[in-house]
Amino acid sequence: MLKRVFSKKNRVLLAELVRTDFKLRYQDSILGYAWSLLRPLFIFVILYIVFVKFLKVGAGTPHYAQYLLFGIVIWNFFAEMTLQSLGSIVGRGDLIRKIRIPRWIIVLSSSLSALINLFLNLIIITIFMIIGHVHPSNMIILFLPLLLEVYLFALGISFFLSAAFVKYRDVSYIWEICLQAGFYLTPILYPLSRITNVTFQKLMLLNPMAQALQDSRYVLITKRTIIPNHLFHGRWYEYVPFIIIGLVLVIGISYFKKESKFFGENI
Amino acid sequence: MDDTAIHIENISKTFKLPHEKNNSLKSAVINFYKRDKGFERQKALNKISFDVKKGEFFGVVGRNGSGKSTLLKILAGIYSPDTGNVAVNGKLIPFIELGVGFSPELSGRDNVFLNGSLLGFSRKEMKEMYEDIVDFAEIRKFMDQKLKNYSSGMQVRLAFSIAIRAKSDILLLDEVLAVGDLDFQQKCYNYFNELKNQSKTIIFVTHDMSAVRRFCNKAIIIDGGQILKVGAPDDIARLYEKINLQSAGDRLNEENQESKTVKNKDREGNSWAVIEKVETFDTKTKKSSSLFLEGNDIGIRIFFKAKRHVDNPSLGYIFQDDQNRTVFATNNKVMNVKTKPLNEGDEIVIESQVKNIFTNGQYTITCAIESEDFSVIYDRREYVHKFLVGGHQLAHAITHPEHTFKVDTRQSNKS
C-alpha cells in the first residue's frame, strides 16, 4: 500500500508541486527566498518587545523569550498548514478537472510546503536558543515524535477541510474562527501556570496542540513547563490527545477518500 | 481481453445540477429537509458500452453537449461513473487538454518541468528531453520568460511539444486540432501518423470530420448521452453531418414558421392578388421539409389568392444563395404554362420540382404574382422561405449537375 502511494511517479510529482509552490510564493520579490527567514525573524522581534519587555507575561519562566517564540512557531505551522491545505484542492482545480493524479498528492504537497517553512523557522529558533544559552534536556530526541504528532494532527484536519471546502465554501471562515479560538485556548502567549484552576489546566492539556507544545518545550527549553504527565499522574486521560489525533486522521482520510471521487465535477 | 485496450460496459453518469449553487452551509441546511428538490438531474451518459481494440485510432464524435467530453473524463478517471465498468488494459495517459497545470507566473522552463512531472517524467528524464522539446516548439529565446507573456500559439506549441513525449499505450486527445496555425496543424497530423504507425491506441474526440476520415479506423457517434452508432469512420462522419444538417433544417423550419406570422417587410405590390403560403417538400415523401440532401430533389408549393378580378397572372420564383446571388429563376412564361383569369377569392397553387444540383448551403425563395406582361406587381415577397442543401462531398464546387464518368484504360502493347 505504502509502496504504491510513494511510487516513483508520485514522488516526482510531489516534489515538483512543492517546488512550484515555493517558486510562486516569492515571485516578484527582490529578496526572494530570504523572506522565509526574514519574516519569522521580524515577527519574533515584535513579540519579544511586546510580551517579554513590555508586558512581562512570562516572568518566572526561564528563557521565556524562546519559550514564547517556540510556541508561536509551532502554532503558526499548524495554522499555515491547515489553511493552505484547506484551499489546495479548490486552488488546484485546473489539475483536478483535467488530469488523473492522486488527489491526496495536492494536500500532501501543501503540507510539505508548510513543513519546509517550519524547518526554516526552527533554524531561527535554534539561533535564538544558542544566543540565550538555552540547554535542551537529554530527551531532546523526543522532539521528533512530538513534531510528527503535530504534523499528523494537522494532516488529518487538512484532508477533512480540503474535501469539505470543495462543497461548502463556508468552511474557510469557520476554520479561521476555530484557529483564533485555538490560538487563545492553547498556552502559546502565556505560560500554562498562569491558569490557576487545575481543572482548567487539565482540560486545556487534553488539546493535542497544547500537549505537544508543552511536551516539546519541556524537552527543548525548560523543565519548568507544565506537562500532561505531571498533571495527570499517568491516568488514562493522558492519552486523550493521541486518541483525538487518531480519530481526526481516520475521519479526515476516509472523508477525503469518499469525496475525492467527485472533486472533478464539484469544483 | 488480449487485444482489447479499453472495455466499457454499461456506463451511466448523471449530474446533479443545483438550481442555485449549493456550496454554502446555509443552503445545505435548508436543502437537507427538501432533499434533492434543489437539483435538476441531467443524464450525461446513459448505458454506454463499447470496446476499443489495441492499435485503433478511435474517433468519438457528437454535437455539443452530447456527452462525449464526459465520456472522455470518465475514461481518464477524472469523473467516476454512477454505474458500469471501465477496464483499461495498458498505460493510459490521462491528459484531456494540452498544457495542464501550466502556471502563468512561472517561466517556460519551469512549466516544462512541472508539466513533465504530470506526465510521469522524472526531473532527470526531463533534463535529457529539454533541448528537443524547446527545439520542437521553436521558442528557445522565450524559455526564461514568464508564461503569461507568451502568445497563445506559443503556449500551445510548448504544451504540444511536451505532450508528444509522453510514453503510453493509450492516449486520450480532445480537440487538440482546434488551435494553432496551419503549420502547427501539420505537425499534429505528422504526430498522429507517427502514433498510428507505432500502433498506439488513440481515443480522439473532435468535431472535424475530415480528421476523422483521415486518421480514424473506427468511430463512435454519441447523441444525448447514448451511442447512435459504432462503425467505419466514413459512415460515422456522414451520420454526424446528417444530424447537424437535420438540426439546421429544423431550425429553418422554425424560422419559416415565424416568418409566416410576422408581417414581411420585404414585400411590395398592390395586393390585387397575394401570396398566401410558400413551402418546400421532399419530392419522394411529399412531406414538408427544409433540408435537401444530395439526390433529394427540391419540391416547392406556392399558394396565391386573388383579392379582386385579375387577368391571367404571371407567376414566378427565384432561389438566392447566402450571398444573395440568384442561382435559379423560373416562371410560368418560360415553362409555357398558361394561367386563367381569377375572380375575387379564387385560389391558385403552383407546384414545382427542381433537380438538386445546388451545392451545400442555405437558400432563400423569393416569389411574385404579377400582371401578364409583368408591368404591374400584385404581390412580391422576398426571402419568404429558407431551405438548406447539404451532403455534397465536393462542396467547393458551386453546382453538382448530373453527369456520367467513364474511364477507359488503353494499355500499350509494349509491356
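1. Two strands are taken to pair if DSSP finds at least two bridges between them, and the helices (H or I, at least four residues) and strands (E, at least two) named here are DSSP runs numbered from the N terminus. With these terms, B:Glu279 stands opposite B:Arg301 in β13(B), and B:Arg301 in turn has B:Glu351 as its bridge partner in β16(B).

2. The model is a predicted one, in which local features need pLDDT of at least 70 and side-chain atom pairs count only at pLDDT 80 or more, while totals for chains, interfaces and linings use all residues. Residues are numbered from 1 along each chain as its sequence is written, and chains are lettered from A and ligands numbered from 1 in the order in which they are written.

3. On confidence, the predictor gives the complex an ipTM of 0.83 and a pTM of 0.80. For chain B the mean pLDDT (the predictor's confidence in each residue, from 0 to 100) is 86, and 91% of the residues reach 70 or more. Within chain B, the lowest confidence falls in helix α1 (residues 25-33), with a mean of 67, and the highest in strand β14 (residues 314-320), at 95. Where pLDDT is low, the predicted coordinates should not be read in detail.

4. The sheet that holds the residues of the opening point is an open one of three strands of chain B, in the order β11-β13-β16, with antiparallel pairing. Its edges are β11 (273-282) and β16 (347-354) of chain B, each of which has a single partner strand, so one side of each is left without a neighbour in the sheet. From one strand to the next the twist averages 15°, where axes are lines fitted to C-alpha atoms, for helices over the stretch in contact, and angles run from 0 to 180 degrees between N-to-C directions. Nine bridges join β11(B) to β13(B), whereas eight bridges join β13(B), residues 298-306, to β16(B). In the latter pairing B:Phe304 stands opposite B:Ile348.

5. A second open sheet of chain B has six strands, in the order β5-β6-β7-β3-β8-β9, and its pairing is mixed. Here β5 (92-93) and β9 (226-231) of chain B stand at the edges with a single partner strand each, so one side of each lacks a neighbour in the sheet. Strands β3 (residues 57-62) and β8 (residues 218-223) of chain B run parallel over five bridges, and B:Gly59 has B:Ala219 as its bridge partner in β8(B).

6. How many of the residues of strand β6 (residues 170-174) of chain B are buried? Five of the five are, so β6(B) is largely enclosed by the rest of the structure; a residue is buried if 20 or more other C-beta atoms lie within 10 Å of its own, exposed if 12 or fewer, and partly exposed in between, with C-beta atoms placed from the backbone. Both faces are covered, with B:Ile170, B:Leu172 and B:Asp174 buried on one side and B:Leu171 and B:Leu173 on the other. B:Ile170 stands opposite B:Leu92 and also opposite B:Thr201 in β7(B). The parallel pairing of β5(B) with β6(B) has two bridges, and that of β6(B) with β7(B), residues 201-205, has five.

7. Helix α5 of chain B (residues 152-163) should span 16 Å at 1.5 Å a residue for its 12 residues, and its end C-alpha atoms are 16 Å apart, which agrees; the expected span is 1.5 Å times one less than the number of residues. Nine of the 12 residues are buried, so α5(B) is largely enclosed by the rest of the structure; among them are B:Arg157, B:Phe160 and B:Ile162. The cover over these buried residues includes α3 (108-118), α4 (123-137) and α6 (182-197) of chain B.

8. Between the chains, 23 residues of chain A are in contact with 28 residues of chain B, two residues being in contact if their C-beta atoms, placed from the backbone, lie within 7 Å. On the side of chain A that touches chain B, α2 (8-25), α5 (93-98) and α13 (263-266) of chain A each supply at least two residues, and the largest share, eight residues, comes from α2(A). That side divides into seven nonpolar, three polar and 13 charged residues, where Ala, Val, Leu, Ile, Met, Phe, Trp, Tyr, Cys and Pro count as nonpolar, Asp, Glu, Lys and Arg as charged, and the others, Gly among them, as polar.
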